[in-house]
Amino acid sequence: MRIIEKMRDEFSSPIKQQVAARAGHRCSNPACRAQTAGPQIVDNGTINVGVAAHISAAAAGGPRYDPTLSPEQRSDISNAIWLCQNCAKLVDNDPQYYTIEVLRLWKSLAEAVARTEVGKTLAPRPIEVREKEGERYALTRRAELAERVLANFHEARDIIMAARSPHLFTGEGETRPKAAGESQGRTRRLNGYYAVAERLAKRQDFFSKFAAQRYPVVAIFGSESAKGFDELFRIMNEINIAVRLLVEMDGPFDYLPSSERQNLEAKIGWWTALDGDAISIRLDQIIGNVEKVFRPAIQATPLL
Ligand SMILES: [Zn+2]
C-alpha cells in the first residue's frame, strides 16, 4: 500500500491551497461553480469540499495520464485544477469527454472570473452578462474540439497515404508469419503487402484516440459530422482487408485473377487506375467535407 502511494505524484499542501485560492474557492467547472469552503459549526474549523484534481493523472493508468511528463511536472501547479468533489469524480469517470484541453480551458476561465470578482460586491451580475459568458464558453469548447478533429483528419490522411507505398524499408513486413518454402521473391512481395498493414497498425494509438472523438463530436456537431469518421475508418478497413487477401491468396497456384489483384493492389497504392487513385480521391473528399463542417466553428472563436 505504501509503495503504491509513493508512485503517485501528489500535490504539496501549499500548491493545493494556492490552486484553491486562485479559483476563488469555487469549483472550476463552469456549469457548477460550487462554493468549496465554509465554516464548521463548532471549534472555529473549516469545511472543504474541494479537491486539487490532476489534469493529467498522478499515476500510470489514471485518467488522462501522460507518460511524457516528469514527476515534477505532474505534481506542479500547472497540472492542478480546483474542483468540487462531485466534479472531480465526474471528470475522472469520463476522461474521453473531459480531456486535458477541456480542463485547461475550465481552469483558465475559472481563474479569469475569480480575478474579476476580487474585491467586488456580491450583487448578482445581470442575466445578460451570465448568458454571454455561457455562450462564450460553449463557442470556445466547440472551436477547440473542431480544431483538434480537423487536425486529426489531416494527419490520418497523411498516415494512410504514407502507409500505401510499395517502397520497403529494411525489416518492414517481417512480422508476417512466413509459409514453409517461400521463394525469396515471394517473401519480398508478401512482406511488401504486409508492410502496409504494419505501418497502419503502428499508429493504432493515434487512430483509437481519433475514433474516440467521434462521440463528443457527434454530440456537439450533430450526426452529419459522423460521416467523415465512418468513411475514413471504412477506407482503413478496406486497406487492411486488401492486404489480407493479397497475402492469403498468393500462392503457387495463384488463386487471384489479375483484374482482382489489380483492384486489391489499387487499394494499397501499388497500382493506379487510369482515372486516378480512388483511395486518395476519397480521402480528399473526406477532407473537403470535414473542412466545411468544422472550419466555420474554429473561425467563430471569440476572444477570451
Ligand atoms: Zn463542481
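**Ground rules**

I number residues from 1 along each chain, as its sequence is written. Because the model is predicted, I take local features at pLDDT of at least 70 and count side-chain atom pairs only at pLDDT 80 or more, while totals for chains, interfaces and linings use all residues. I take helices (H or I, at least four residues) and strands (E, at least two) as DSSP runs, numbered from the N terminus.

**Entry 1**

I began with strand β3, residues 50-54, and asked how many of its residues are buried. I call a residue buried if 20 or more other C-beta atoms lie within 10 Å of its own, exposed if 12 or fewer, and partly exposed in between, with C-beta atoms placed from the backbone. For β3 the count is 5 of the 5 residues, so the strand is largely enclosed by the rest of the structure.

Next I looked up the partner of β3, taking two strands as paired if DSSP finds at least two bridges between them. Strand β4, residues 80-84, pairs with β3 in the antiparallel sense over 5 bridges, and within this pairing A53 has I81 of β4 as its bridge partner. In β4, too, 5 of the 5 residues are buried, so this strand is largely enclosed by the rest of the structure. From β4, the buried residues A80, W82 and C84 point one way, and I81 and L83, also buried, point the other way.

**Entry 2: two nonpolar cores**

I looked for nonpolar cores, meaning sets of buried Ala, Val, Leu, Ile, Met, Phe, Trp, Tyr and Cys residues joined through C-beta atoms within 7 Å. The largest has 31 residues, and Y193, Y194, V196 and V243 have the most contacts inside it. Helices α6 (127-163), α7 (184-202), α10 (226-249) and α12 (278-299) each supply at least two residues of this core. A second, separate core has 20 residues, among them A53 and I81, the bridge partners from my first entry, as well as A23 and C87.

I also followed V243, treating two residues as in contact if their C-beta atoms, placed from the backbone, lie within 7 Å. Leaving aside residues up to four places away in sequence, V243 touches Y193, Y194, V196, A197 and I268.

**Entry 3: helix packing**

For helix pairs I noted axes as lines fitted to C-alpha atoms, over the stretch in contact, with angles from 0 to 180 degrees between N-to-C directions. The axes of α7 and α10 lie 9 Å apart, and the two helices pack at an angle of about 155 degrees. They are therefore roughly antiparallel to each other (angles under 35 degrees count as roughly parallel, over 145 as roughly antiparallel, 65 to 115 as roughly perpendicular and the rest as oblique). On the α7 side the contact is made by L190, Y193, Y194, V196, A197 and L200, and on the α10 side by M236, I239, N240, V243, L246 and V247.

My other pair was α6 and α9 (residues 214-221), whose axes come within 11 Å and cross at roughly 135 degrees. That angle makes α6 oblique to α9. R142, L145 and V149 of α6 meet P216, V217 and I220 of α9 in this contact.

**Entry 4: single residues**

I asked which residues other than glycine have a positive phi, and R64 is one of them, with a phi near 60 degrees. I noted that most residues other than glycine have a negative phi. R64 sits in the loop between β3 and α3 (71-74) and is partly exposed, with 19 other C-beta atoms within 10 Å. R33 also has a positive phi, of about 55 degrees; R33 lies in the loop between α2 (13-22) and β1 (37-39) and is partly exposed, with 16 other C-beta atoms within 10 Å.

From R64 I went to D94, which is 30 residues away in sequence and 9.8 Å away in space, C-alpha to C-alpha. D94 is in the loop between α4 (85-93) and α5 (100-117), and with 13 other C-beta atoms within 10 Å D94 is partly exposed.
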